[in-house]
Amino acid sequence: KMAAAGGAGAAAALWSEVNRCGQNGDFARALKSVNKILQINKDDVTALQCKVVCLIQNGNFKEALGVINTHTKVLTSDVIAFEKAYCEYRLNRIENALKTIQSASQQTDKLKELYGQVLYRLERYDDCLAAYRDLIRNSQDEYEEERKTNLSAVVAAQSTWEKVMPEDLGLRETTYELCYNSACALIGQGKLNEAMKKLQKAEELCRQSLSEDSDVTEDDIEAELAIIHGQMAYIMQLQGRTEDALQLYNQIIKLKPTDVGLLAVIANNIITINKDQNVFDSKKKVKLTNAEGVEHKLSKKQLQAIEFNKALLAMYTNQADQCRKLSASLQSQSPEHLLPVLIQAAQLCREKQHAKAIGLLQDFADQHPASAAEIKLTMAQLKIAQGSVTKACMILRSIEELQHKPGMVSALVTMYSHEEDIDSAIEVFTQAIQWYQQFQAKWGTNYGCYVFQPKSPVHLSLIREAANFKLKHGRKKEAISDLEELWKQNPKDVHTLAQLISAYSLVDPEKAKVLSKHLPSSDTLSLKVDVDALENSHGATYVRKKAGKLTGDNQQKEQGQGDVKKKKKKKKGKLPKNYDPKVTPDPERWLPMRERSYYRGRKKGKKKDQVGKGTQGSTTAGSSELDASKTASSPPTSPRPGSAAAVSATSNVIPPRHQKPAGAPATKKKQQQKKKKGAKGGW
């Protein structure tokens, strides 16, 4: 009995120690006391529960789960369901945690809170939203703000990943967490400017909240703001402000935040900015996306985007095998996704295997008809890159759901025109117009989308473009039917009527005369043109000067003259300095030197008398006599037809344009300068 009493007293003392340590938050010391109690009674349910709690508080989730699984007979699901589910949740065994919660006989508030977290991690946002609404409705404690924050996070996730229009929850954005989640929801809707304002407000609230705590340093505040700044940079990137976004991303990385998920997202976004440039930086950044625990911090779509970018980076860095391996892995994970097969096709094109790339795309299009349109557009692009424009047109025309779209019609017509296949281009117009004629009633009744008018704007626009195209390429008869249809729809359209008359004038002049009676008379046409504004406009070739005020005699003179224009005084032309009125000017003086009848070409050599041929130093005695240019009596041999009479051959007077001004040096320069390219000949 004394031994039993002593054991009971020791146990009581240990329980007092456990209680005191628990209140002080010293769970390591409490665990030691609990272990001593279990030595006394190894199946003590309360001691085992306390041990599990102490291990959880110390972060030893695996060991705590081991204790639970070891003592299943004592620690039943009713007793320890929350602790077991929480350990599984923290160990990222999310599916197991869900099963544990659902198998619990009683759903406590703690289990409901954890259930909401588990559903969020499983990306079951609709169920998660319902769970948090139920919690907020049926709970009244100090954790209401946290529940509202979680609720807003679910709405933001729906807007971002599922493109669901978020409903107004009526939450007051009094904390920076709520502001941040609201901004994320706005980004999902594409309202980037509004989202940026929300993030700026969140930053301001965060600084105010943290600055109230004296123990928080500026570095701590910047670390907390990192996720807000990261989202700001993302908005800048979406707006095309890549330089600003890149600068902000790098500032966040320099802070070395502990959130591996944030670092992975920022590194991925930097890689997307770099693209095929600065690949060395991208290879460094990609290491941040491989950090331990990243897969548990990001959503499935974020992880998928990172893997896609890894495959693209491998392609840009010419790691063909790595690119194929990553894209094949992605395709096995998401067989219906387009990007893996597009990356594989791009890699084959880089290897100059275009035929194989087109075959790969064709196989995917056959297996996944829902994605055939996007794949065929890529195939057409590859055909155009190879120069096979006609084959590209055939591929594009096989996309039935896009045949009638104005963009597709425009592309096909342009491509056929480039190939000078006008008949095929007209056929494209005809098929598109027929589609609208055939299906406009069907779209309104059966599909329930929107009802076309008797002739929709798109339909009429296609008819007009077809008519203009036919007129441009000389198909007047074919254009007439289109123009008549347009005029029938709008008889007041003068432009269409004018085109119709022009087309008929070449085919049926009598019909053109009849139609011309429908043209409005010149009296009814009022051209509302401000002549003064037109003359004074920037593009006008003539700008009328503003007239000054006319007073006195000038005004009377102006009134008397009426519309008589003033004659402008001609400026007196300047004469050459060496002009001699007694000498008849050279009639060919306005022509370039090379085009004058007496031009004999430029002489080579430094001196006139120098001989270009013969033995070095030798000279011909009669060389001066044989030089025809020195003979004054030799007239030009080929005078220009229709030119004025040449200067008398016996006259030795130099024409004015050839005379040197007084005081000019008589000697020539030793070296003649090269004539500038494109300059005109001299006088």
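Arg397 is buried in this predicted model, with a relative accessible area of 17%, a value that falls under the 20% limit for burial. The side chain of Arg397 meets that of Glu427 in a salt bridge, at 3.4 Å from N to O. In total, the structure holds 19 salt bridges. A further topic is the packing of helix α16 (residues 300–316) with helix α18 (residues 338–350).

- Glu427 is partly exposed, at a relative accessible area of 38%, whereas Arg397 is buried.

**Salt bridge between Lys112 and Asp134**

- Lys112 and Asp134 form a salt bridge in which the closest N and O atoms are 4.0 Å apart.
- Lys112 belongs to helix α7 (residues 109–121) and Asp134 to helix α8 (residues 125–138), so the pair ties together parts that are 22 residues apart in sequence.
- Lys112 is partly exposed, with a relative accessible area of 28%, and Asp134 is also partly exposed, with a value of 27%.

**Salt bridge between Asp127 and Arg124**

- In the salt bridge of Asp127 with Arg124, 3.0 Å separates the closest N and O atoms.
- Asp127 counts as partly exposed at 36% relative accessibility, and Arg124 counts as partly exposed at 31%.

**Packing of α16 with α18**

- Two packed helices are described by the angle between their axes and by the distance between those axes.
- Helix α16 and helix α18 pack at an angle of about 0°, and their axes are 10 Å apart.
- The two helices, α16 and α18, are therefore roughly parallel to each other, since angles under 35 degrees count as roughly parallel.
- On the α16 side, the contact involves Phe308, Ala311, Leu312, Met315 and Tyr316.
- On the α18 side, Leu339, Pro340, Ile343, Ala346, Gln347 and Arg350 take part.
- By class, the contact of α16 with α18 comprises nine nonpolar residues, one polar residue and one charged residue.
- Within this contact, Gln347 and Arg350 belong to α18; Arg counts as charged.

Definitions and conventions
Residues are numbered from 1 along each chain as its sequence is written. This is a predicted model: local features need pLDDT of at least 70, side-chain atom pairs count only at pLDDT 80 or more; totals for chains, interfaces and linings use all residues. Side-chain values use heavy atoms; hydrogens and water are left out. Helices (H or I, at least four residues) and strands (E, at least two) are DSSP runs, numbered from the N terminus. Buried means under 20% relative accessible area, exposed over 50%, partly exposed in between (1.4 Å probe, protein chains only). Axes are lines fitted to C-alpha atoms, for helices over the stretch in contact, and angles run from 0 to 180 degrees between N-to-C directions. Angles under 35 degrees count as roughly parallel, over 145 as roughly antiparallel, 65 to 115 as roughly perpendicular and the rest as oblique. Contact means heavy atoms within 4.5 Å.
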